[in-house]
Amino acid sequence: MLHDLLFRIRTLFRRPGIEVELEDELRFHRQQQLEKYLSAGLNPAEAHRRVRLEFGGLDQIKEECRDARGVQLLDTLARDLRYALRVLRKSPGFTIVATVTLALGIGANTAIFSLLYGVLLRPLPYHDPASLIVLHETTPMVGVVSPSYPNYLDWRAQTRAFSNMAVINSVAFNLSGIERPENITGIAVSPNFLSLLGIHPLLGRDFDPSEEKAGAAPVVMLSHTLWQTHFGADRKAIGQTIALDGRSFVIIGVLPPQFRWLETVDVVEPVGVWMNGNTSYRERGERGDSAVIARLASGVGLRQAQTELEGIAARLAQAYPGTNDQFGVTLRPIRDVFVSEIRPAVMVLFAAVTFVLLIACANVASLFLMRGIARTREMSLRIAVGATRGRIVAHLLAESFVLTFLGGFAGLALAVVAIRAAAGFIPEGLLAGANIDLNPTVLLFTAGIATAAAFAFGLGPALHSTKADVQSELKEGGRGTTSGAAASRWRSILVVAEISLALILLVGAGLLMKSLSRLLSVDAGVRTERVLTMQMSLRTAQYRKNPAILNFWDRVLAGVRALPGVQAAALGTGVPLTGDHSRTDITIEGMTPPKPGNYPHPDVHIVTPDYVTALGVRLLRGREVTVMDTEDSPRVAIINERLAQQFFGRADPIGKRFVFSHPSADQAPPWITIVGVVGDTKLYGLANPSRLEVYLPFRQVVSDSMTLIVKSATDAPAMTSAIRSVIASIDKDQPIFGIATMEQLVRFSVSTRRVTFIILGAFSTLALVLSAIGIYGVISYSVAQRSHEIAVRMALGAAPGDVLRIMLGQAARIVGAGVITGAVASFALTRLMSNLLYSVSSSDPLTFAAVTGVLALVAMLACYIPARRTLRVDPMTALRSE
Amino acid sequence: MPEQRIDLPQGTLDLLILRTLALEPQHGWGISERVQQVSSDVLCIQQGSLYPALHRLERRGWIKAHWGTSENNRRARYYELTKAGRRQLELETDTWKKMTAAVALVLGTSL
């Protein structure tokens, strides 16, 4: 086989030499034969005659020899490609339109596939990522919750399904000792964390098993980014110290650049260091902000591990009913945890972009069909002079391949631009740290779809245009009525398909647009105009005691309220739409104690006076937190409407009492009296249902982390630097972070849907334009074809309007068929995107109607322009030109 | 000219060429002469089929060609058997023998 191919190729490159050799070889034979006859006694004339006779057609022998050498295959291929290039160069209009169409289709596909690959397919940068499982606890009331440290220790001790298990706690630090203090985030991990993932520090050492116990010396590992930005990528950083929360940590290592985690990681510390001055890890009921990661033992499946862990959780629930009753465990592959948010959007976009490519192919196929009609005579002639059908098909396919090659390269360039542009408007964090680029896999995909496209739009028309009946074609003088009519039918079918696909995309985009507008009109329970928010976390030793913390908050409020333009300023532990809130069980006075895990579990906000005013939360009953609620005054709280309705019904909740956690019978619980009811706020994003909420005065429960909320008379962002200097004048080492206006928070909370809508919107517009071009082409060709018929009709007295109606009738049939099939297909397909929709049914009749209307209108307009030309047909000229 | 010439059955041409070249390297004319002589003028190879066959066998790698000088001092293209060609010859000879034996059997019974 290999010998065969090499032989063919060698032959191809030695063409001229081989021709000469063949000539020489055959001449030698003739001479030998001639001599033989001469020596046998024939006269020269007779000898020559015989030789000539025996040899027959010399050229034919040569041709057969060439065939035998197998030159033909490669030679014809090269010839076909050369010829295709020449043909395409001669019709630049066709070539440009086809190339641009293909470039758009292939480019969009390449860009979206690189997104899909980066987010969903590229192996995560861990050893054997498929066996990595993330574990959380679950409760019937709230679903997924963080595992408590003692439970993690028991899981690890009892599991056999997992070969290794590590815990990860989210932590934050104030990084000081630099020009502008910063808040950085990180994780506190068990020392086996990195080795479990199969990651080795780029520099320095991994954590030591001894660093799992409280009392470990403060050490920290830097992310590659932090090491570059703050230590200038200096290898000597190892062994130096870094000031975190005012304490100095020794840098023991630097993470490799490809390290990725579920959240942003600037630094990693061992749990032993995290435990210092922290007692929560000893409490089985303390479920903070953590996750457990584990590696499946070899040969163990997820289901088996799930069963085992559920058994362990059930035993723990029995042993510790006070903290674990009703608590289960959930296991998710690490990839799912990374992409669960964005997977549906990526899949929808990938489906959409496939449709765009199909439409592009249909358009190019349609162009080919039309050219096929124009070239019927050429094809018939070639067949008449002996070209086989296979040869002509191969030749036409060569044109398709040259076109996809051009389109593919242009598409790649387009994809590069698109990926760069998309990076600009896809918010950071949406892609879970995935890297989107053109890589060998993506290029292979592009080559694959380009080849598929070449066949898709090339083969059909090629087969079609070679089906021509040579005799009738040549006889009819190239008017090609029979195959012309068949080609027109095929083109109409292609346009129907295009319109259907375009309608599906438009319906998808329409549904998303409606969702987005519904979502943005959801009442978040707050007024977002001119509200600026920023976070502060007091973490240094000077803020150990409550009076110091309260003093700092008092001074911040006083300073900010004194700034010109500030209408209201307040502090609170959270702002709606951020998802960053803490929840605790409460027990309402007089309620029957439910099982653990079934207690009311409201989100708890610690707030200063004016919080409700600054955010514009509606006050429904009673009062908000005031300066009168102090350390020494009776404990009070404000609840939200939902909590009031769910637990007090029609009764007035003012004056009712509750207590945090589960009170024990032996001591009087510290009752908290409800003094006000406020409207619900959307804590976890606009699409999420409202939840139970409790507000507490900041002097009665002290928090060292607060968000400053400033309602100003002027543009909110302009306030930032003024506020910054107020804070710096109180404590120059205190960082401010998470600066955002409420409007930005609203926008960010809908970013997945917004980005999906923008991209899908772009695709459906492209689809609309392409199918409009498609139907425009069909109708203008039809007008040209039927000019004779039209002329006859007009000569017989048809009014221009009648003729126009005939043409538009043809268009309406095509558009109608496309719209109907498209609507049916959309109905079936949009259900797949229902989890991207918000309060819009996937078969929303209004969207369907509106989109169908727009599509039909655009399509009919695209038909009207060429159809109008019939009005200008002059019967005399049209008939005479025959 | 002998009267009894037989047109070569399909597929036998390759076998004859390979067999002839098994003796010694030979040029195209030589091959056709040799076959004619050995077969006592019964088998005659048409030039029209000889040369395409030679080039096909060369492509398959069963024979290889080089330019040499003929007995009467002309430049001629000589073909010789390759190892693969020798194997192919054995194979085809075997097949041929089996076939003719089988054909002979069938003919023997019917007459």
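In the predicted model described here, the side chains of Asp652(A) and Arg621(A) meet in a salt bridge at 3.2 Å from N to O, a salt bridge being a side-chain nitrogen of Lys or Arg within 4 Å of a carboxyl oxygen of Asp or Glu. This pair links distant parts of the chain, since Asp652(A) lies in the loop between α22 (641-648) and β19 (657-660) of chain A and Arg621(A) in strand β17 (residues 619-622) of chain A, 31 residues apart. Helices (H or I, at least four residues) and strands (E, at least two) are DSSP runs, numbered from the N terminus. Asp652(A), at 36% relative accessibility, counts as partly exposed, and Arg621(A) is likewise partly exposed, with a relative accessible area of 40%; buried means under 20% relative accessible area, exposed over 50%, and partly exposed in between (1.4 Å probe, protein chains only).

Local features need pLDDT of at least 70 and side-chain atom pairs count only at pLDDT 80 or more, whereas totals for chains, interfaces and linings use all residues. Side-chain values use heavy atoms, with hydrogens and water left out, residues are numbered from 1 along each chain as its sequence is written, and chains are lettered from A and ligands numbered from 1 in the order in which they are written.

Over all chains the structure holds 32 salt bridges. Among them is that of Asp802(A) with Arg805(A), whose closest N and O atoms are 2.7 Å apart; both residues lie in helix α27 (residues 800-829) of chain A, three residues apart, about one turn of the helix. Asp802(A) is partly exposed at 33% relative accessibility, whereas Arg805(A), at 57%, counts as exposed. Asp24(A) and Arg27(A) also form a salt bridge, with 3.6 Å between the closest N and O atoms, and because they stand three residues apart in helix α2 (residues 15-39) of chain A, about one helical turn separates them.

Between chain A and chain B there are five salt bridges, and 26 residues of chain A are in contact with 27 residues of chain B, contact meaning heavy atoms within 4.5 Å. The two chains bury about 2400 Å² between them, 52% of it on carbon and sulfur atoms, where buried area is the accessible area (1.4 Å probe) that two parts lose on being put together, summed over both. Glu25(A), Phe28(A) and His29(A) supply 26% of the area that chain A buries against chain B, more than any other three residues. Glu25(A) also belongs to a network of salt bridges that links Glu21(A), Glu25(A), Glu58(B) and Arg77(B), and Arg74(B) forms a salt bridge with Glu35(A), the closest N and O atoms being 2.4 Å apart. Glu33(B), in helix α2 (residues 28-38) of chain B, counts as buried at 12% relative accessibility and, leaving aside its neighbours within four places in sequence, is in contact with Gln33(A) and Lys36(A).

In chain B, three strands form an open antiparallel sheet in the order β1-β3-β2, two strands being paired if DSSP finds at least two bridges between them. Seven bridges join β2(B) to the antiparallel strand β3 (residues 75-81) of chain B, and Thr69(B) stands opposite Arg75(B) in β3(B).
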